[in-house]
Amino acid sequence: MIFAVLAPLLVAFFVPLVSRFKSSFHTGIFVFFVPFAIFVYFLQFIGPNFTPLKQTYNWIPSLHINFDLYLDGLSLLFVLLISGIGSLVVLYSIYYLDRSERLGQFYVYLLMFMAAMLGIVLSDNVFVLYTFWELTSISSFLLIGYWHFKERSRYGALKSMLITVFGGLSMLGGFILLSVVADTTSIQAMIAKSDYILSNDYLPLILAFILLGAFTKSAQFPFHIWLPDAMEAPTPVSAYLHSATMVKAGLYLIARFSPIFSSYEWFFIIVSIFGIITLCWGSYMAVRQTDLKAILAFSTISQLGMIMAMLGFGTNIAIFAAVFHILNHATFKGSLFMIAGIIDLQTGTRDIRKLGKLFTLLPITGTLALFGTFSMAGVPIPFLNGFYSKELFFESTLALQNGTLSITSFLTTVIPYLAVIGSIFTFVYSMYLFFGLFGRNKNNEVSLPKQPKEAPIGMLISPSILVIGVIIIGLMPNLFNQNFLAHAAASINPTAGIDAISFWHGLTPAFLMSLIVVVIGTILALTRTKWNTVYDLLPGRFSFNTIYDQSVKSIDTFSSKMTNFYMNGSLRTYMILIITTTFIVSFVYMYYTDGFTIDFSDLAEITTLEIVVVVAIVVAAIGTIFSNHNVAAILILGITGYGVAILFVLYRAPDLALTQLVIETITVTLFLLCFYHFPKLTKRNESKKTVATNLFVSIGFGVLMTMIGISALSSSWFDKISEYFIETSLPIGGGKNIVNVILVDMRGIDTLFEIAVLGLAGLAVFSLIKLRKNKGAK
């Protein structure tokens with residue numbers, strides 16, 4: 001499995017090389033075989049006898065972070081969606097993206113995203129999952145902003161990044177708390193300790209952090225605002241990220257952790273409320289849109305809300321319906337996004353007000369759209385898979401049970417009505433989408449930028465396969481039940497699932513709810529234009545987009561004012577701020593941790609010679625300040641360094657003394673070589689306030705360092721690490737010189753980076769010298 005996760009990243013390294021030959025063959029042809037091979041590999045696990053599979057690879061064992069991969073029914077469902085839809089999206093992109101585009105960058109970003117999603121759904125370690133989680137945010141940011149020359153693309157990319165990364169950091173906090181409480185980083189081990197986690201006092205905080213991460217990624221109300229703006233990405237990106245994969249990462253997270261939280265009543269309350277509100281709000285907002293991809297974006301939000309609500313319900317039928325609808329939604333929504341891309345390319349516009357009567361001009365596209373939109377609407381026709389999961393959704397709303405809290409009883413009563421309302425608007429925007437494109441349009445007299453004609457056959461293959469999936473699932477739903485869907489549902493709840501999926505089970509309340517949706521939805525769809533004033537009233541001026549824009553603008557303005565306040569170009573100001581902050585923080589911390597302990601009981605004897613050396617160091621340091629000559633100041637400053645070397649000798653640290661002597665000699669020599677270029681030292685006429693500030697800061701910082709040194713000697717918060725070095729330098733490092741062993745072995749990586757820093761500094765100095773020479777030559 002690890003090869004399946006890492007294969008897209010490995011292939012991504014070769015994409016820039018292959019893209020150089022894009023004039024001969026499209027880069028997407030090379031990329032297509034990666035998701036297709038992964039899809040074929042995981043197909044072998046489908047079947048009634050499937051059992052979970054786990055693989056472990058050591059990564060950071062000291063922190064209990066291993067590269068653990070776990071394949072069960074839930075992860076198998078998502079892996080097949082990621083790789084299967086990914087294959088079709090790449091195939092579609094071959095015909096959608098012209099070879100003049102930056103194909104190398106596009107497919108590198110796409111493969112990065114694919115690997116990240118595979119890593120999320122297969123990871124059993126929470127911190128590995130988080131690593132891949134943030135990689136999806138980064139790669140989606142790059143994909144959404146692929147057409148970076150468009151202002152809206154940049155805006156949408158930044159918006160999605162800010163919201164999803166904010167949620168991701170919150171989720172990380174939840175994972176840290178959860179791993180501390182459960183004393184494990186394995187998700188399956190956490191599930192095994194669910195009773196202990198549920199009784200912990202940190203449970204509400206853990207749940208809030210994790211849900212925030214899931215809600216932002218899956219565009220739940222009110223964090224849904226990033227998804228419509230992300231539609232500025234190329235259509236293959238929208239079809240992949242925003243219908244089948246990325247936006248379902250939050251759903252996966254909720255499903256994966258449901259075995260831990262599902263018995264917690266507030267889990268049902270929070271997830272159900274956010275899910276059902278998202279369903280209603282997304283479906284309502286979709287009817288207001290005029291851009292094809294915007295309609296599909298809000299329709300995706302509403303569908304995600306419905307799935308989220310079912311995961312919140314937590315009942316057996318709700319869990320199965322959620323899993324079933326995840327599959328169904330990927331088929332019809334993926335095809336509809338591709339159809340929107342075809343219409344955009346073939347007509348030159350996505351404005352539905354300018355479109356209409358396209359069925360005779362684009363008959364194949366219209367037929368595919370018919371199946372996709374009617375399945376999305378949940379029209380009760382046996383060969384449309386959307387109806388099956390939609391009816392199961394209605395059935396699950398009627399099977400909710402009351403809890404111990406009054407709000408739970410209220411929700412169980414009101415949720416069925418909200419489900420119908422949300423589904424009515426779902427029906428309306430589905431009909432609005434289809435008939436707005438392929439039916440009569442009063443505004444169709446407007447000339448289109450391009451003369452419509454049917455898309456190339458290659459571009460129609462991918463949406464056709466997805467529509468065929470819609471029909472096959474609709475005609476033979478039980479073919480996918482026990483072999484596939486039942487395993488996914490059981491991964492969330494072992495008792496979830498149904499024996500058989502059937503189209504007709506009589507005039508049940510759920511079927512009557514579907515009929516109400518169709519009847520009222522038809523009326524509202526036919527009279528949609530008469531309701532425009534209502535659509536314009538809500539959300540009005542105070543939309544969540546406005547709140548987001550104002551928040552970002554306010555933060556940017558405040559940050560600019562704060563930065564300009566202290567970044568005024570004065571090095572003196574910067575040093576005062578840094579030193580004063582260090583002084584205050586250190587002294588406050590020392591005060592509250594009893595850091596002012598002074599103990600001179602275990603000190604070496606101080607002789608007259610050592611006192612003389614220290615006095616010489618102090619006098620030299622003060623003399624440097626009052627010196628008005630460059631060479632004199634350099635030589636006097638050298639006395640302080642050589643004095644420290646003498647102290648090392650007196651206290652029997654010859655290796656440190658040699659090091660100090662070498663460094664001090666080199667430093668003094670370099671200063672003497674460069675003193676000609678130094679500015680002349682002159683007395684500065686400064687105000688008494690400036691002098692007082694300088695004196696206060698310098699004395700305060702000196703006192704701070706003195707107190708830290710005394711505290712380090714006197715305090716005994718923990719065992720001294722010197723004992724460890726004394727005991728292990730010979731058996732581990734193989735050396736009797738403890739200092740050398742520490743530098744070379746114990747702190748080997750630290751020393752390596754110190755050398756790297758010095759090397760980089762040397763290169764920077766050399767570059768500045770070369771730059772100055774070049775400027776002088778001109």
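A residue is called buried here when its relative accessible area is under 20%, exposed when it is over 50%, and partly exposed in between, with a 1.4 Å probe and protein chains only. Ser194 lies in helix α9, residues 194-198, where helices (H or I, at least four residues) and strands (E, at least two) are DSSP runs numbered from the N terminus. Neighbours within four places in sequence aside, Ser194 is in contact with Pro259 and Ile260, contact meaning heavy atoms within 4.5 Å.

The model is predicted, so that local features need pLDDT of at least 70 and side-chain atom pairs count only at pLDDT 80 or more, while totals for chains, interfaces and linings use all residues. Residues are numbered from 1 along each chain as its sequence is written, and side-chain values use heavy atoms, with hydrogens and water left out.

Taken as a whole, the chain has 32 helices and two strands, and its C-alpha atoms fill a box of roughly 105 × 70 × 50 Å along the principal axes. Of the 778 residues, 49% are buried. Among contacts with a separation of 6 or more, 79% join residues 24 or more positions apart. The chain exposes about 38100 Å², with 69% of this supplied by carbon and sulfur atoms; such areas come from the Shrake-Rupley method with a 1.4 Å probe, and for residues only the protein chains shown count as cover.

In soluble globular proteins, nonpolar side chains tend to be buried together. The largest nonpolar core in this model holds 204 residues, of which Phe42, Phe175 and Phe257 touch the most other members; such a core is a set of buried Ala, Val, Leu, Ile, Met, Phe, Trp, Tyr and Cys residues joined through side-chain atoms within 4.5 Å. Helix α16, residues 316-347, gives the most to this core, with 19 residues. Beyond its neighbours within four places in sequence, Phe175 is in contact with residues including Phe127, Tyr130, Ile210 and Phe257.

The whole structure has 37 aromatic pairs, a pair being rings of Phe, Tyr and Trp (its six-membered ring) whose centres lie within 6.5 Å, with planes under 30 degrees apart counted as stacked, over 60 as edge-to-face and the rest as tilted. Phe113 and Tyr240 form an edge-to-face pair, at 5.6 Å centre to centre and 75 degrees between the planes. Because Phe113 lies in helix α5 (residues 103-122) and Tyr240 in helix α12 (residues 235-241), this pair ties together parts that are 127 residues apart in sequence. Phe221, Trp281, Tyr284, Phe425 and Phe544 form one aromatic cluster, and the peptide bond from Phe221 to Pro222 is cis, with omega near 0 degrees. Pro222 itself is found in the loop between α10 (203-217) and α11 (226-229).

Two further loops deserve a look. Thr349, in the loop between α16 and α17 (363-377), is buried, with a relative accessible area of 9%. Its C-alpha is 7.4 Å from that of Leu448, although Thr349 and Leu448 are 99 residues apart in sequence. Lys357, in the loop between α16 and α17, has a positive phi of about 55 degrees although it is not a glycine, and counts as partly exposed at 44% relative accessibility. Arg652 also has a positive phi, near 60 degrees; Arg652 lies in the loop between α27 (630-650) and α28 (654-674) and is exposed, with a relative accessible area of 78%.
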